[in-house]
Amino acid sequence: MDWAAILYLGVTFGLFAIFVAIVIHTCRDKHKETGEAPKYTMLEDD
Amino acid sequence: MEKPVYNTDIVRSFVHWSLLWGLVAILVGVIVSLQMVEPDLNFPPYLTFGRLRPIHTNAGIYGWGVGVIFATFIYMVQRLCKTPLWSNKLAKFQLWFFNATIIASAITLLLGYTTSKEYHEMEWPIDVMVVILWVVFAVNILMTILKRQEEQMYISLWYMMAALVGVAILYLVNAAALPVSLFKSYSAYAGTNDANVHWWFGHNAVAMALTAPPLAMFYYFLPKTTGVPIYSHRLSIIAFWSLIFMYLWTGAHHLLWTPVPDWVQTLAMAFSVMLIAPSWGSVFNGYLSMNGQWHQMKENYLVKFLIIGLTFYGLQTLQGPMQAIRSFSAFIHYTDWVPAHIHMGTMGWVSMISYASIYYLVPRIYGRELYSVPLANMHFWLTLVGQLVWSISLWVAGVLQAGMWNATNSDGSLTYTFMETMVEMYPYWWARAAGGFIFFLGIIIFIYNLFMTVRKGKDVVAPIVTAAGRN
Amino acid sequence: MWEKKPLLLIALATAAILVGTTITMVLPFAWVNTETDRIASVTPYTPLQQEGRDIYIREGCNNCHTQTIRPLVTEVLRYGDYSKSGEFVYDRPFLWGSKRTGPDLARIGGKYPDAWHYKHMDSPRSMVPKSNMYDYAWLRKSTLDPVMSERKMKVLGFPYTQEQLAQLKGKNELDAVVAYLQKLGSDIAWRKAAEVTIVGELKNPYPDTAHRSMEEWEVIYSEHCAACHGGHLEGEIGPHLDGANYTDEELFSLIFNGIPDGGMPAFSSLGTNKVWKITNFVKYYVQGEDHP
């Protein structure tokens with residue numbers, strides 16, 4: 001494998017890791033209430 | 001807490017002007033569709049298909065689409081942030097500068113001052129105007145968000161912020177040009193580079209102006225209309241990051257099989273297919289929000305516009321990736337299939353959501369009940385039928401012409417000359433013009449209904465929205 | 001984290017947008033329009049050609065005509081050699097287009113003589129009756145501006161001579177458009193390369209002319225040849241044709257491969273069968289005879 005291929009793989013996995021991190025950060029149980037709160041507050045009377 | 005006083009006057013004005021430009025865009029669309037079947041309807045030098053078509057597209061995107069963005073963003077940001085608009089003066093300037101920009105665009109395009117780059121035809125002085133306009137708008141929205149009284153940020157605000165940044169980057173980079181005179185410039189990029197930069201802009205203008213903002217509107221106006229929160233805020237967040245990340249890779253799917261480097265094309269193809277996931281994340285989120293509320297599809301014309309609009313978004317984001325695959329693109333590209341695809345997005349998704357947003361706004365910015373719900377229902381059906389006639393006729397036309405272009409005889413020669421394939425298009429082009437006309441009738445009824453609402457609508461007495469749903 | 005911090009959210013969103021932008025939009029500049037895809041024979045536009053190009057842009061011709069040929073069998077057969085990156089280095093802006101309401105024009109240069117283009121631009125439907133292209137005869141009324149042209153050439157950095165600028169005087173906008181169209185795709189010698197070598201003995205499949213066949217053949221002739229050679233072979237843009245001057249084989253080869261330097265297009269894409277029919281029509285047509 002040449003350096004270009006390694007870099008390519010690295011970038012791919014790096015980006016995927018960021019995506020997984022965002023999903024975990026957003027969906028963890030601890031976050032459930034605060035994560036979903038805005039959808040209720042936006043419904044409050046204007 | 002004292003209730004903040006929101007600026008609704010400016011929302012009203014943007015609704016008025018965006019409707020006018022929407023009407024112009026659709027009317028010019030019907031005219032150019034007739035010019036395609038009847039060349040004698042061209043009146044050179046000004047009123048030819050070549051000059052009017054960019055007026056149709058730009059009035060649609062910048063007059064109608066962006067006009068509605070201005071109206072709804074200013075409305076939404078104040079309520080989501082529970083604070084008045086940062087600067088009313090700036091907003092007023094923005095309104096007049098917006099109209100000046102649209103009028104200047106229309107006049108210069110008629111005069112033939114064009115860069116020829118699709119959806120970015122305006123010459124450099126108007127590019128400068130667009131940039132000023134967008135900066136003024138973005139600053140006002142961002143400052144309002146920064147001084148908000150509600151700490152949480154609803155997903156609509158996310159999409160709004162991404163759109164503000166995205167449009168700015170795309171427009172600035174693609175506008176780079178070497179001016180010769182006030183009305184003539186040459187692109188800063190040449191040939192294949194210019195093509196690649198331009199379709200990076202072209203496709204992502206669709207993302208940042210015609211996808212993210214309508215999503216912001218959808219996520220706001222659907223729960224406000226049904227009175228039920230969206231299914232999952234966290235799903236909307238994951239879809240948000242995926243969408244804005246992946247979209248920017250896909251511009252070259254407009255350039256498959258051209259001299260643009262193969263690897264750029266392949267990336268565009270792969271990311272286009274991947275984009276189905278975040279797009280359908282939003283679609284599912286919308287559908288699941290309707291759990292237990294599907295009866296509102298029958299009872300509430302607003303829900304009809306929103307859910308059918310979302311359905312067209314779903315179809316659009318399946319058909320788009322299909323076309324972005326090399327083999328299918330080889331067959332279908334450059335035929336009428338492609339405008340049919342675009343118009344499912346603009347007439348089905350963007351316009352439906354814009355109509356719904358305006359229907360929602362009108363009682364709240366005028367304090368009047370809608371003049372006629374039957375007329376609104378009629379508007380819905382004319383819009384739906386007009387769009388379907390438009391797109392289906394050209395999908396058929398596209399497949400037919402692509403088949404004829406690719407037909408070969410047993411000795412390897414072509415079965416049809418170009419003209420033999422073109423004359424087959426005429427009946428479908430007539431059908432398309434008819435579809436456009438039906439759609440045009442829809443917006444006429446819409447405007448009439450709004451006009452009568454303002455003049456004769458009953459005053460709104462009860463609070464518009466209760467926890468149980470609409471009143 | 002960023003859920004309640006708008007500035008952080010904007011910064012991260014911008015970063016997300018810039019990843020794909022950098023890789024697919026910025027990075028290709030390292031290869032495109034460099035030595036990698038350079039074609040030595042490709043030259044910049046002359047003042048007249050560039051004026052024509054600007055009129056093409058002004059009139060929005062790109063709304064109906066593309067200028068890029070894909071490396072697909074039927075496309076190369078129909079339009080000519082597929083487009084190469086190096087052919088577009090002087091194109092500001094690119095004019096590849098996105099819709100073929102009319103045919104692709106990437107290889108239109110040299111396909112027809114100038115006279116064909118003038119006649120066609122004056123009134124497309126006089127040559128192609130069912131075309132939906134409108135008339136551009138009105139371009140003849142406007143003249144060109146050498147001062148403006150010089151400024152354009154300077155901005156573009158193209159070489160030009162005062163003589164070329166002086167020649168613009170007395171020319172009209174249609175002259176410029178025709179000059180531009182004749183330049184398109186003709187910088188590389190693709191037409192010579194695409195010429196088909198006919199191997200083996202040519203055999204006329206319709207050696208004996210019958211009046212009934214002439215009627216069928218005339219239809220094909222009218223569609224493909226009459227615009228230049230006239231409905232009765234009397235000649236107009238192309239020469240008057242007299243079948244007696246050629247052998248079957250000569251006529252067939254001429255029609256099949258065209259005359260690359262003489263402005264006669266090749267008709268090989270019609271297939272041998274149709275070309276033989278045209279050959280026989282020309283060969284056995286008697287002046288003044290009609291086959292309605």
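Here are legends for several close-up views of this predicted model. Residues are numbered from 1 along each chain as its sequence is written, with chains lettered from A and ligands numbered from 1 in the order in which they are written. Local features need pLDDT of at least 70 and side-chain atom pairs count only at pLDDT 80 or more, while totals for chains, interfaces and linings use all residues; side-chain values use heavy atoms, leaving out hydrogens and water.

**View 1. The largest nonpolar core, around Tyr159(B).** A nonpolar core is a set of buried Ala, Val, Leu, Ile, Met, Phe, Trp, Tyr and Cys residues joined through side-chain atoms within 4.5 Å. Buried means under 20% relative accessible area, exposed over 50%, and partly exposed in between (1.4 Å probe, protein chains only). This core has 208 residues, and the ones touching the most other members are Leu157(B), Trp158(B) and Tyr159(B). Skipping residues up to four places away in sequence, Tyr159(B) touches several partners, among them Ala212(B), Tyr219(B), Phe240(B) and Ser282(B); a contact means heavy atoms within 4.5 Å. There's also a second, separate core of 21 residues, including Leu241(C) and Phe281(C).

**View 2. The second largest pocket.** On a 1 Å grid over the protein atoms alone, a pocket is an open set of points with protein on both sides within 12 Å along at least five of seven lines, where a cavity is a set of points where a 1.4 Å probe fits but cannot get out; lining residues have an atom within 4 Å of a point. Its volume is about 1,000 Å³, counted as the space filled by probe spheres set on the points, with grid points joined across faces, edges and corners. Of its 31 lining residues, the closest to the centre are Val11(A), Leu15(A), Phe245(B), Trp249(B) and Phe271(B). Helix 1 of chain A gives the most to the lining, with 11 residues. Helices (H or I, at least four residues) and strands (E, at least two) are DSSP runs, numbered from the N terminus. The lining divides into 29 nonpolar, two polar and no charged residues. Here Ala, Val, Leu, Ile, Met, Phe, Trp, Tyr, Cys and Pro count as nonpolar, Asp, Glu, Lys and Arg as charged, and the others, Gly among them, as polar.

**View 3. Where chain B meets chain C.** This contact takes 95 residues from chain B and 84 residues from chain C. Together they bury about 7,700 Å², 66% of it on carbon and sulfur atoms. Buried area is the accessible area (1.4 Å probe) that two parts lose on being put together, summed over both.

View 4. Gln67(C) counts as buried because its relative accessibility is 1%. Pro103(C) is 36 residues away in sequence, yet the two C-alpha atoms are 9.1 Å apart in space.

**View 5. Two cis peptide bonds.** The bond from Pro44(B) to Pro45(B) is cis, with omega near 0°, and Pro45(B) lies in the loop between helix 1 (9-37) and helix 2 (49-80) of chain B. The bond from Arg92(C) to Pro93(C) is cis too, with omega near -5°.

**View 6. Positive phi at Lys82(B) and Ser116(B).** Lys82(B) isn't a glycine, but has a positive phi of about 50°. Ser116(B), also not a glycine, has a positive phi of about 75°. Ser116(B) is buried, with a relative accessible area of 8%.
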